[in-house]
Amino acid sequence: MQTKLTKLLGIQYPIMQGGMAWIADASLASAVSNAGGLGIISAMNADAEWVREEIRKCRTMTDKPFGVNIMLMSPHVEEVAKMVAEEKVAIVTTGAGNPSRFVKMWKEAGIKILPVVASTALAKMVERAGVDAVIAEGGESGGHVGDLTTMALVPQVVDAVSIPVVAAGGIADGRGMVAAFALGACGVQIGTRFLVANECTVSAEYKKKILAAKDISTMVTGRRLGHPVRAIKTTYTNQYAKLEADSNYPDEQLEAFGVGSLRKAAKDGNTEEGCFLAGQIAGMVKKEQPAAQIVAEIMEQAEKMMEGVQWDV
Amino acid sequence: MTTLEKLKEILSECKGEDLDITPETSFEELEFDSLDKVDIVMQIEEAYDISLGDNMQLSTVGELIAKIEEAVANK
């Protein structure tokens with residue numbers, strides 16, 4: 001299937017894999033790219049050398065384009081931003097802010113830039129800075145979330161900018177993809193479903209949590225500190241929610257309570273202290289399977305639904 | 001309309017209630033989140049046809065007024 005997104009990125013199918021911190025490494029990214037989508041390595045809070053190594057590893061595992069997701073609040077953001085330009089990574093996605101200050105450097109390195117945006121104003125601002133497309137991510141997604149839903153955000157961003165828009169948040173299958181096209185997007189970004197791919201190196205306990213989840217299994221915590229995140233309800237999130245609601249509990253201690261919790265979930269499989277980030281569609285993810293099968297299933301369902309439909313996507 | 005009056009209009013609209021602001025009002029006490037701030041900057045830029053830069057730190061209303069008036073003067 002050809003859309004504005006597949007043409008822009010030089011990929012076969014309009015599916016991007018979310019840049020999940022502590023989860024999206026060279027193994028998952030290369031598998032998704034080999035399947036015809038766009039695999040993405042998360043630079044999370046890592047230093048430039050760690051990310052460079054993952055990029056080089058990924059290049060030995062696929063000859064297809066892949067991307068790096070740069071978290072703009074990372075303490076290493078400046079060095080990582082320079083490094084991806086040196087490595088001439090094909091695609092960069094960004095999260096947690098406005099990447100305008102890096103756009104010139106990345107464009108000169110031939111990098112395609114797709115910031116994740118949670119409002120129309122941010123979409124307009126990054127369009128003006130010269131990015132290639134935006135990823136409009138609704139609050140159904142896992143991890144850091146905005147208030148707007150995908151259903152409300154995507155068409156408003158589509159109307160606000162003239163560059164291509166990718167829909168993210170709440171998409172797990174072909175139905176979600178077709179819905180995204182109907183809202184005016186030209187592709188989707190999917191995180192949670194790829195988390196259970198065979199090639200994803202996340203802890204077995206994390207995958208179990210996703211596979212066992214149902215529709216109401218996730219909750220949002222962290223609003224008090226201005227960094228709301230969606231995760232599977234666990235001992236950890238319930239405790240966090242209680243502390244967050246307690247106005248006598250200081251912000252600094254609440255912040256400290258959260259430190260390292262994602263690593264504990266993703267790497268250690270610690271079900272007591274880990275924070276298992278996941279989107280609201282976790283309840284639709286029922287089996288661990290190869291990334292190629294996930295991509296094939298989504299495309300097969302979407303293409304069947306779109307038979308005879310002529311949309312300009 | 002003065003710059004302060006225009007800002008009062010933009011900030012009040014963003015907050016959803018009438019704000020009583022002075023040049024001394026700090027953005028910290030107004031408690032806008034990061035998306036609100038992006039929205040405010042875009043609205044100001046469109047209203048005055050100016051560019052305020054992409055990673056502007058907002059501290060007080062008075063400082064923002066100064067930056068707007070400087071950008072307008074340099075148009």
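1. E244(A) has 18 C-beta neighbours inside 10 Å and therefore counts as partly exposed, since burial requires 20 or more and exposure 12 or fewer. This is a predicted model, and the assignment belongs to that model. E244(A) sits in helix 11 of chain A, residues 235-245. Leaving aside residues up to four places away in sequence, E244(A) touches T221(A), R224(A) and L254(A). T271(A) is 27 residues from E244(A) in sequence, and their C-alpha atoms are 20 Å apart in space.

2. Two residues other than glycine have a positive phi and deserve a look. W22(A) has phi near 65°. W22(A) lies in the loop that runs between strand 1 (15-17) and helix 2 (26-34) of chain A. W22(A) is classed as buried because 20 C-beta neighbours fall inside 10 Å, and the cut-off for burial is 20 or more.

3. The other case is D49(B), with phi near 55°. D49(B) follows helix 3 of chain B and is part of the loop between helix 3 and helix 4 of that chain. Is D49(B) buried or exposed? D49(B) has 9 C-beta neighbours inside 10 Å, so the residue counts as exposed.

4. Helix 3 of chain B covers residues 34-48.

5. Chain B as a whole has four helices and zero strands, in the order α-α-α-α along the sequence. Its radius of gyration is 11 Å, which agrees with the value near 11 Å for a compact globule of 75 residues. The C-alpha trace of chain B spans about 30 × 25 × 20 Å along its principal axes. Buried residues come to 13% of the 75 residues in chain B. Of the contacts in chain B with a separation of 6 or more, 55% join residues 24 or more positions apart.

6. At the interface, seven residues of chain B are in contact with 12 residues of chain A. On the side of chain B that touches chain A, three residues are nonpolar, one is polar and three are charged.

7. Helix 6 of chain A (residues 120-129) also belongs to a right-handed β-α-β unit, together with strand 5 and strand 6 of chain A. Strand 5 (residues 112-117) and strand 6 of chain A run parallel and are joined by two bridges. V117(A) stands opposite A136(A) of strand 6.

8. Strand 6 of chain A also pairs with strand 8 (residues 165-168) of chain A, in the parallel sense and over four bridges. The partner of V134(A) in strand 8 is V165(A). Which residues of strand 6 (residues 134-137) of chain A point one way, and which the other? V134(A) and A136(A) point one way, I135(A) and E137(A) the other, and all are buried. In a regular strand, side chains alternate between the two faces of the sheet. E137(A), a charged residue, is thus among the buried residues of strand 6 of chain A.

Notes: Residues numbered from 1 in each chain as written. Chains lettered and ligands numbered in written order. Predicted model: local features only at pLDDT ≥ 70, side-chain atom pairs only at ≥ 80, totals over all residues. Contact = placed C-beta atoms within 7 Å. Pairing = 2+ DSSP bridges. Right-handed = clockwise from strand over helix to strand, strands pointing away. Rg over C-alpha atoms; globule rule 2.2 N^0.38 Å. Expected span 1.5 Å × (residues − 1).
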